[in-house]
Structure formats: structure tokens, C-alpha cells
Amino acid sequence: MHTSDSATDTHCPYCALQCGMRLRPEPGGATVAVEERADFPVNRGALCGKGRTAPAVLSSRVRLTEPLVRTHAGRLEPATWEEALDAVAAGLTRTSRAYGPDAVGVFGGGGLTNEKAYALGKFARVALRTSQIDYNGRFCMSSAAAAHQRAFGLDRGLPFPLEDIPRTGCVILVGSNLAETMPPALRYLTELKANGGTLIVIDPRRTRTAEQADLHLAPRPGTDLALALGLLHLIVAEGRTDAEFIAARTTGWEGARAAAMAHWPELVERITGIPVPRLREAVAMFCAPESAMVLTARGPEQQSKGTDTVGAWINLCLATGRAGRPLSGYGCLTGQGNGQGGREHGQKADQLPGYRKLTDPAARAHVAGVWGVDPDALPGPGRSAYELLDALGTDVKALLLMGSNPVVSAPGAAHIEDRIRSLDFLAVADVVLSETAALADVVLPVTQWAEETGTTTNLEGRVLLRRRALTAPPGVRSDLDVLHGLAARLGVEKGFPTEPEEVFEELRRASAGGPADYSGITYARIEAEQGVFWPCPDVAEDPEGSGASHAGTPRLFLDRFATEDGRARFVPVSHRDAAEVPDADYPLLLTTGRVVAQYQSGAQTRRVDELNAAAPGPFVELHPRLAARIGAVDGSPLAVTSRRGRAVAPARITDTIRADTVFMPFHWPGEGRANTLTNPALDPTSRMPEFKVCAVRVEPA
Ligand SMILES: Nc1nc2c(c(=O)[nH]1)N[C@H]1C(S)=C(S)[C@@H](COP(=O)(O)OP(=O)(O)OC[C@H]3O[C@@H](n4cnc5c(=O)[nH]c(N)nc54)[C@H](O)[C@@H]3O)O[C@H]1N2
Ligand SMILES: Nc1nc2c(c(=O)[nH]1)N[C@H]1C(S)=C(S)[C@@H](COP(=O)(O)OP(=O)(O)OC[C@H]3O[C@@H](n4cnc5c(=O)[nH]c(N)nc54)[C@H](O)[C@@H]3O)O[C@H]1N2
Ligand code: SF4
Ligand SMILES: [Mo]
């Protein structure tokens with residue numbers, strides 16, 4: 001392998017926008033410079049600070065460059081790849097022999113490419129024969145995914161490309177701070193307003209995104225479900241439903257209507273804290289134009305009722321005929337780099353590639369055929385992410401972790417850290433020594449985005465290709481290499497190729513005929529077409545077809561929804577409280593989220609000087625009235641205590657937040673770790689934890 005001397009077009013390693021960028025090798029070829037790639041439609045050259053500085057993590061100053069194995073003395077020491085892979089295979093085999101294959105767990109990530117996610121799911125089921133695999137996407141968009149499935153019969157985050165947003169009449173943005181979490185996408189909202197469209201933002205904080213809104217509603221955290229029901233109530237009461245659309249394209253309206261009618265405006269005002277006139281204003285704005293959209297992100301989704309909450313927003317769209325039509329619809333802004341593709345190809349506990357169900361006999365037969373195994377040998381569904389982490393050290397005694405840092409990012413993190421420490425064996429593949437990798441028995445250093453090729457699927461459902469631009473340092477190997485080496489040691493010599501395109505070719509076949517059908521997508525097509533939207537079946541071989549290839553599907557549901565009868569399903573949902581509500585001991589609400597300069601658990605971005613300068617550490621955001629009441633001083637340490645534990649971070653006093661709520665970003669470990677406090681109460685359908693609401697006490701430390 002050699003360093004190519006010309007520039008390479010690829011995509012950012014971080015969020016789901018998957019901004020296009022050009023990488024040019026610097027003189028000497030050891031690193032690359034990021035350049036604009038104005039031709040790529042999603043970001044048209046714009047990048048946020050994280051994307052611009054991503055090459056800093058390629059430096060061997062901050063990354064792992066050789067495998068580490070824990071010695072008898074308890075220290076992580078450098079080892080050869082042979083020693084490290086032997087040790088992982090031995091650790092996993094020992095556990096499997098002693099306690100059965102389900103005592104071995106696998107935890108993946110939504111940042112992994114499609115090829116890696118596919119190979120990891122196959123590795124769990126074919127090489128380890130364990131049912132115990134899930135991934136961090138469960139913490140991300142699983143509630144929206146579940147609600148999508150329930151209402152539309154298919155889960156693709158956005159049913160339309162971002163370019164449609166500026167041309168709709170009104171957007172309700174629920175619990176998304178995209179000015180900080182996807183900065184180049186803010187352009188779509190400013191263009192919407194320039195075109196005469198209106199923007200409603202729903203967020204307990206007046207964020208940089210909310211500042212752009214024509215109407216900002218700041219509900220009490222955890223009350224979005226009541227809010228959506230209250231708006232639907234008013235829509236019915238004011239006679240603004242679309243009876244023709246409801247009759248022609250949906251089922252179940254009566255139940256949903258009855259549930260909404262039980263949420264009258266004054267009750268909703270009491271629950272959410274939003275005055276009735278503001279609710280009426282929102283309804284008028286949403287219903288006035290010909291077309292409108294509702295977009296949700298983690299605010300309403302990361303709740304113990306996230307699935308029903310998203311369902312209520314979908315009901316609002318269906319009742320007003322704002323779905324399955326041009327420039328209208330409901331969409332979820334997926335988060336991680338491959339948050340969309342990562343949930344389609346089999347690293348989820350209940351799922352096989354192509355978004356197939358592990359419990360469906362036909363799906364098992366198809367995928368087992370591609371894998372060359374007996375369908376009966378495939379395990380059944382396993383535990384969801386939090387339940388898997390919670391079972392570590394008891395039912396699940398060994399874990400292979402690839403692409404997540406749960407010591408920082410899991411809810412109730414002190415307990416989860418404890419569970420991880422109690423494992424018999426932990427292997428972590430990572431690019432840096434994350435807080436979780438530091439606890440491992442074996443750490444496998446892997447290649448990074450600029451050093452490897454693979455596909456990701458962005459929040460629009462657009463399948464993209466990242467191209468290798470640079471040779472990796474000699475001591476690191478790719479995740480695909482790791483799985484190949486481990487499978488061989490577990491006695492599975494074939495079926496785990498190390499070439500990404502070879503894996504993708506198999507993924508195409510495995511996904512063929514499934515809901516997320518990639519069979520018509522090739523690396524060559526992706527590059528020629530700036531990405532291809534799934535579903536994209538392979539029709540070129542169809543004897544009755546024209547011989548032309550399928551164009552891909554930028555816009556879903558225009559003719560029919562993906563349910564059996566082609567109609568969207570209303571689901572009757574009712575408001576309920578968050579799992580924890582304030583009381584005398586814990587009188588305030590804590591909500592958590594992100595800042596623009598750090599990414600997730602911070603494992604990567606906390607290693608970049610420029611980003612640390614912009615966002616050096618955790619903080620507790622609180623309102624001046626609350627600060628005065630408890631005697632908090634701006635910049636001085638505050639102790640935040642929940643039923644799970646205590647965290648300490650400096651106060652940041654601002655009138656942009658509700659006075660009954662405090663906010664902490666979750667990017668840091670240690671004393672200021674927000675997830676020490678969060679509540680692992682799970683949504684019954686999606687198994688999403690309630691990151692966005694718990695009860696706390698706050699006092700000067
Ligand atoms: N800079 C940066 N960008 C990122 C990431 C990152 O870590 N850093 N991560 C990526 C990933 S994986 C994801 S999932 C996305 C997340 O993207 P977003 O969803 O935009 O990010 P969050 O900050 O988690 O939450 C958004 C907003 O929800 C609000 N909120 C809190 N509680 C509630 C509530 O009860 N109701 C409502 N309506 N709103 C509430 C918060 O105040 C916050 O402003 O960002 C992606 N982009
Ligand atoms: N309190 C609170 N907690 C939250 C959230 C919140 O809003 N509030 N949001 C949740 C959400 S939406 C998410 S998505 C999670 C994310 O939280 P995590 O799952 O911890 O995500 P990352 O920090 O991105 O961790 C990815 C790890 O994998 C490594 N890595 C990156 N690329 C690769 C690769 O290609 N291969 C391998 N082997 N490793 C790689 C990185 O270095 C890093 O250590 O956090 C959740 N936790
Ligand atoms: S917005 Fe997301 S994809 Fe774009 S540069 Fe920033 S982190 Fe990367
Ligand atoms: Mo996420």
C-alpha cells in the first residue's frame with residue numbers, strides 16, 4: 001500500500017450529515033489536510049470545527065499504534081497482533097465453553113461503516129453463535145425507528161432529501177439543536193425562512209437553533225407527548241384535519257382522535273408549561289401552508305415514552321395530510337456517522353441484514369443462504385443495549401466492544417462502569433485509548449476513516465462512499481481485519497473478507513429483497529451519483545425489466561406507505577409522566593445533550609487541541625432565578641445529585657433555559673460525567689433509555 005499523491009474525496013468521520021470533504025496528503029504523506037468539496041450537495045463545502053480538525057486524531061501522538069494486552073500484574077502492555085488476537089480468541093472461547101455462547105456479548109456502534117456493522121453482526125451469529133449483540137444506536141434513534149415502523153411499515157430517518165426542507169411551508173423542529181449538532185444543515189432552515197416558510201422550534205432551552213425560530217416553545221422536559229396531543233386536539237377542534245387524506249391513506253384515525261380529544265388545551269398547558277395561545281399560534285402556523293414537516297431529534301426521542309411521543313407527532317402529520325406527499329412528512333434527524341446504515345445490517349439484537357427481522361423464518365432462510373449456514377443454527381434475538389450492559393458480569397461474562405465508549409455515554413454510567421469492571425474478559429477495538437478501552441484485557445488499535453474504505457448511509461438514507469486517502473501506521477489493522485483474524489481463530493476460515501468492497505458485495509446480496517434493499521448499489525454508482533438512496537433493488541438482471549438500473553429512492557411513501565395495505569397507521573397514544581418527576585428530595589429536572597465542539601463521549605474530539613480550547617469541560621446550565629435561589633455563582637462548582645449519584649461541574653448561568661430545569665452536556669468522564677446522574681428507565685417498545693429527563697438536586701459544591 002502506498003500513499004496516493006493526489007487528493008481523495010471522502011466524508012467526515014463524525015455525525016450523520018456525513019459532510020463531503022477532500023483530503024490532500026501533506027508533504028511527506030504522513031497526514032492529510034481537509035479541503036472543501038463544494039460539489040457534494042448535502043453540505044456544499046461547509047464543515048463544522050469537528051470535521052475540519054478530524055485529521056488531528058490521525059496523529060500517533062493521540063491514537064493507539066500497537067495492540068495492548070493486560071499482564072498478570074494488571075497493566076496494559078504492548079503486544080504483537082498475533083498475541084493480542086490469540087488472547088481475545090482464548091478469552092471469548094473460554095467463556096463460551098464454560099457458560100455457553102450467550103455468555104459472550106458483542107457491542108457495536110453507529111459510527112461503524114455498513115461493511116463493519118454487517119461483518120460484526122455476522123461474526124456474532126456465525127463465529128460466536130451468540131444472540132447477545134446490540135449497539136449504541138439503541139441510545140440514539142431507536143424510538144423514532146420503532147415509531148416509523150409502527151406507522152409507516154419502514155424506518156428510514158428522513159423520507160425525503162434535506163434539499164426539500166427549504167421548499168416546504170412550515171417546519172416544526174422538536175428537540176433538535178442542529179445549529180450545534182449539524183451546523184452546515186442550518187442552511188436549510190435559513191433558506192426555508194428566506195423562501196417565506198416558517199420555523200417552530202420546541203426545546204426547553206432557547207438554543208442557537210431556537211433563536212432562528214418564528215415561534216419557540218419551551219416545554220418542561222419529558223412533556224412532548226402531551227404537547228403533540230394538545231396540538232392535535234386543537235387541530236380537530238378547529239376543523240383543520242384533512243378528511244380526504246385520512247380516508248384514502250390511513251387507518252386507525254378514530255382511536256388516535258379520541259386519545260387527542262382527552263388532552264384539552266388547558267390540561268396540556270398545565271403539563272407542558274406552554275400557554276394555550278402559544279399552542280394555537282403553532283397550530284395556525286403549521287396548518288396555514290400547503291405543505292409542512294415535523295422533524296424530531298433526541299429531545300423527544302430519548303425518553304421512556306419516546307416511541308409514543310414520536311407516534312404522536314406522526315399522528316399530527318397524518319391528521320393534516322402532511323405525510324406521503326411532496327414537501328410534507330415526518331422525519332427523524334439521525335445522529336451518528338452511520339446511524340442509519342448501522343441500524344440496517346445486523347448489529348441490532350433483533351435483526352438481520354437488509355433491515356430483516358431475526359424472528360422471520362423467510363429472513364433467516366435468506367440470510368443463512370448467503371452466509372452458507374443452516375438457518376436453525378442462527379441464534380434468536382438478544383438483549384437491548386442497556387440490558388446487555390446491565391447483564392455484564394452476571395449473565396454475560398465476556399464482551400467484544402467495537403465503536404462505543406459506554407463508560408462515558410451509557411445511562412447510569414457508574415453502575416455500568418461497575419458491570420464492565422466485573423467482566424471475566426473484555427476486548428475493545430478502538431482508535432484511541434477510550435475510558436472503556438482502558439478497562440480492557442486486550443485493546444486492538446484500528447484504522448480510521450481516512451485510512452480505510454467503506455460505505456455509510458447518512459440521515460437522508462443516502463448511501464455514501466468513504467475512500468482511503470492515506471496509509472495507516474504499521475501497528476494498526478482495520479476492524480474487518482480484526483474480525484477476520486478472530487473468526488479464523490474460532491474455526492471459521494471463510495466468510496470474513498478483509499476487503500471492504502468484497503464485504504459490500506455480500507451485503508448487497510444479503511439485503512436483496514429486504515426493506516433496506518442495497519442490492520442495486522455499487523461503489524462505482526455511489527461515486528458517480530454523489531450517493532444512492534435506498535431502497536435500491538438490483539433490477540438490471542430482471543428478465544422483465546428494461547435492463548436499466550433502479551434509480552434509488554430519494555422520496556418515500558408518495559404513492560403508498562410500506563405497510564401491507566399501503567396505508568399509514570394512526571396509533572392511539574396518551575401522555576404519561578417521565579419515569580422520574582421532581583419531588584421534595586430531587587426538586588429539579590436534569591436534561592442532557594451536546595455542545596458544538598465535542599462529539600459524543602469525547603473519545604476522539606477531546607484529543608483535539610482546537611476543540612478543547614472551544615469546549616474545555618463540563619458545565620451545568622441554569623437560570624438566573626434558580627441560581628439566586630440556591631446561591632450559585634457563575635463559574636463556581638455546582639453539585640448535581642440524582643438517585644444514581646453525584647456530579648460536579650461549574651455553573652453556567654443563562655436565561656435561555658427554563659427555571660425548573662438544568663442542562664449538562666455528556667462529553668466528559670470523571671467528576672463532571674453527566675451520565676452518573678441519568679436514569680436508565682427504558683421505553684417499553686424501543687428500549688431507549690431516558691437520557692433527557694431525570695430528577696435532581698442542585699447546590700453549590
Ligand atoms: N457537536 C456535536 N454534534 C453531534 C453529536 C455530538 O456529540 N456533538 N452527536 C451526533 C449524534 S450521535 C446525535 S444523536 C445528534 C443529536 O442531535 P440533537 O438531538 O440536536 O442533540 P442533543 O443536544 O442531544 O438534543 C437536542 C436538544 O434537545 C433538547 N431537549 C432536552 N430535553 C428535551 C425534551 O424533553 N423535549 C424537547 N423537545 N427537547 C429537549 C436539548 O435542550 C437540546 O437542545 O447529534 C449528532 N451531532
Ligand atoms: N446523557 C446523555 N448520554 C448520551 C446521549 C445524550 O444525549 N445524553 N446520547 C446518546 C447517543 S445519541 C449516542 S449516539 C451515544 C454515543 O456514545 P458512544 O457510543 O460512546 O459514542 P462515541 O463517543 O462516538 O464512541 C465511539 C468509540 O468508538 C471509537 N471509534 C470511532 N470510530 C471507530 C471505528 O471505526 N472502529 C472502532 N473499532 N472504533 C471506532 C471512538 O474512538 C470511541 O471511543 O451516547 C448516548 N449517551
Ligand atoms: S456537521 Fe457532522 S459531518 Fe459535517 S463536518 Fe460537522 S461533524 Fe462532520
Ligand atoms: Mo446519537
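## Buried area

Domain 2 and domain 3 bury about 1900 Å² between them. Carbon and sulfur atoms carry 53% of that area. On the domain 2 side, the most area is lost to domain 3 by Arg205, Gln302 and Ser304. Together these residues make up 34% of what that side buries.

The model is predicted.

## Layout of the chain

Three domains divide the chain. Domain 1 covers 2-58, domain 2 covers 152-332 and domain 3 covers 588-700. The centres of domain 2 and domain 3, taken over C-alpha atoms, lie 26 Å apart. Their contact draws 22 residues from domain 2 and 25 residues from domain 3.

Three salt bridges are counted between domain 2 and domain 3. Asp660 and Arg220 form a salt bridge. Their closest N and O atoms are 3.2 Å apart.

## The domain 2 side

Which helices each supply at least two residues of the side of domain 2 that touches domain 3? They are helix 5 (178-181), helix 12 (298-301) and helix 13 (306-319). Helix 12 gives the largest share, three residues.

Definitions and conventions: Residues are numbered from 1 along each chain as its sequence is written. Chains are lettered from A and ligands numbered from 1 in the order in which they are written. This is a predicted model: local features need pLDDT of at least 70, side-chain atom pairs count only at pLDDT 80 or more; totals for chains, interfaces and linings use all residues. Side-chain values use heavy atoms; hydrogens and water are left out. Domain bounds come from an automatic or database domain assignment. Contact means heavy atoms within 4.5 Å. Buried area is the accessible area (1.4 Å probe) that two parts lose on being put together, summed over both. A salt bridge is a side-chain nitrogen of Lys or Arg within 4 Å of a carboxyl oxygen of Asp or Glu. Helices (H or I, at least four residues) and strands (E, at least two) are DSSP runs, numbered from the N terminus.
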